[in-house]
Amino acid sequence: MNLGRLRSVRWRTTVAATVLTALVLGLASVLIVRLVERDLEDNARSALSGALESASHSVSGEGSTGTSEGGGGEQHGQQGAAEGGSTGDAQQQALADASIREVEAGVDAASNALLIIVPAVVVALGLAIWWTVGRALRPVRDISAQVAEISGTTLSERVPVPASKDEIAELAALMNEMLDRLESSSERQRAFVADASHELRSPLSTIVAAAEIASVSPDPIKLQRLADTVSGEAERMQLLVADLLDLARLDEDRLEVATTEVDVVSVCRDALHRLEDAAPAISLSAPEVAHADGVLSQIERVVFNLAENAVTHAEGRVEITVTPDGADVLIAVEDDGPGVSPEDRERIFERFVRLDSSRGRATGGIGIGLALVKAIVDRHRGTIGVGDSAALGGARFEVTLPAAKTPA
């Protein structure tokens, strides 16, 4: 027999329950036999005492009759008493032997009955447990068979959910939910790889074309233009690869990171200085300090990406506001551009998503910046959302980060 089947839940449950039942019934049988033996001994002892008392009365009556017959009768009475005593002893022995035989017969009968009943009950119970456990585990076998057929290319399949509404049905439902998550994750990964390949193909094609033209063109002016083109495309690829690596690190790193007190106001000032040439009308409204609990480099990335996105889409004005709000620090970035339509306000944080109005390479970016911002904010247990700017009329991005517990 297969050793794996001997280690199955069905076998272990059946053997354990059968052995336990046999032990319990065996101990109960011994106890029953002892009780029957004691009861029979008590009954035999009572019957023997009554018989002996009757026999002693009979012997006493015969002895007194012999004494009342006179002189010669006295000798005859003594002889009768002696014979009566011998007869009484014989009767006592016979009664005792009969009582012992009755007790032994009763104990043997009870033992023989239990020797037949107990094994029959144990076998019947073992078969019943085997059948019941097998029936209960049949959905598990079906689930296991279905799971064994599911691979990375067949994540759309699901395991059967039994109608029993028990723990096995709950397990099957949880496994289907897990498969849903795995399928969604696999689809996102495939889309991510396809989008990344598409984004990398364009600058690589431009670089290859520029290299081919440069190899046959002796014009130094044209060569300089080609060098500028190659440099721009290489920089674009460098930024894309850096963003992809950051996203990959955030996806893979599930452990708690060491956080510090980050001065959000100082971070916003640095971002403003870096973008002053691109947007002269960018401004900052903030208190002297506002400390958040997080990773400095990642919070710098959040602020800069939001500010750069606002500068890209603004008509001429961008405002950054920092507001301490109890246990959180609120960062708001507003612009006077076209804004974000309500149906795009969730989709805009997905990877490689560019809205219809900004599909051009000059203004649309590569669709990674806001996805990276959301990943970092989620990593910091914060929130991010986009709405309309009441002050400027464009888009308003709001980020909340947990405030530092012990501000400096």
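How many helices and strands make up the secondary structure of the protein?

## Overview

The secondary structure comes to nine helices and seven strands; helices (H or I, at least four residues) and strands (E, at least two) are DSSP runs, numbered from the N terminus. This is a predicted model, in which local features need pLDDT of at least 70, side-chain atom pairs count only at pLDDT 80 or more, and totals for chains, interfaces and linings use all residues. Residues are numbered from 1 along each chain as its sequence is written, and side-chain values use heavy atoms, with hydrogens and water left out.

Of the 408 residues of the protein, 32% count as buried. Buried means under 20% relative accessible area, exposed over 50%, and partly exposed in between (1.4 Å probe, protein chains only). The protein exposes about 24800 Å², and carbon and sulfur atoms supply 57% of that area; accessible areas come from the Shrake-Rupley method with a 1.4 Å probe, and for residues only the protein chains shown count as cover. A contact means heavy atoms within 4.5 Å. Among contacts between residues at least 6 apart in sequence, 68% join residues at least 24 apart.

## The five-stranded sheet

An open sheet is formed by five strands in the order β2-β4-β5-β7-β6, with mixed pairing. The edge strands are β2 and β6, each of which pairs on one side only. Two strands pair if DSSP finds at least two bridges between them. Neighbouring strands of this sheet are turned by 15° against each other on average, direction ignored. Helix α6 (residues 264-274) packs on the sheet and touches β2, β4 and β5, its direction making about 170° with that of β2. Axes are lines fitted to C-alpha atoms, for helices over the stretch in contact, and angles run from 0 to 180 degrees between N-to-C directions.

Strand β2 (residues 282-285) pairs with strand β4 (residues 318-325) in the parallel sense over four bridges, and Ile282 has Val318 as its bridge partner in β4. Between β4 and strand β5 (residues 328-335) the sense is antiparallel, over eight bridges. Asp325 stands opposite Asp328 in β5. These two strands, β4 and β5, form a hairpin with two residues between them, and Gly326 in the turn has a positive phi of about 65°. β5 also pairs with strand β7 (residues 395-402), antiparallel over seven bridges; there Ala332 has Glu398 as its bridge partner in β7.

Val386 lies in strand β6 (residues 383-388). Val386 is buried, with a relative accessible area of 13%. Leaving out residues up to four places away in sequence, Val386 touches Val340, Arg345, Phe349, Ala395, Arg396 and Phe397. The C-alpha atoms of Val386 and Ala332 are separated by 9.5 Å, and the two residues are 54 residues apart along the chain.

A nonpolar core is a set of buried Ala, Val, Leu, Ile, Met, Phe, Trp, Tyr and Cys residues joined through side-chain atoms within 4.5 Å. The largest has 49 residues, of which Leu306, Phe397 and Val399 touch the most other members. Helix α7 (residues 296-313) gives the most to this core, with eight residues. Not counting residues up to four places away in sequence, Val399 touches Val302, Leu306, Val329, Leu330, Ile331, Val377, Thr383 and Ile384. A second, separate core of eight residues includes Ile143, Ile150, Met175 and Leu179.

Buried residues of α7 include Gln298, Asn305 and Asn309, as well as Ile299, Val302 and Leu306. The 18 residues of α7 should span 26 Å at 1.5 Å a residue, and its end C-alpha atoms are 26 Å apart, which agrees; the expected span of a helix is 1.5 Å times one less than its number of residues.
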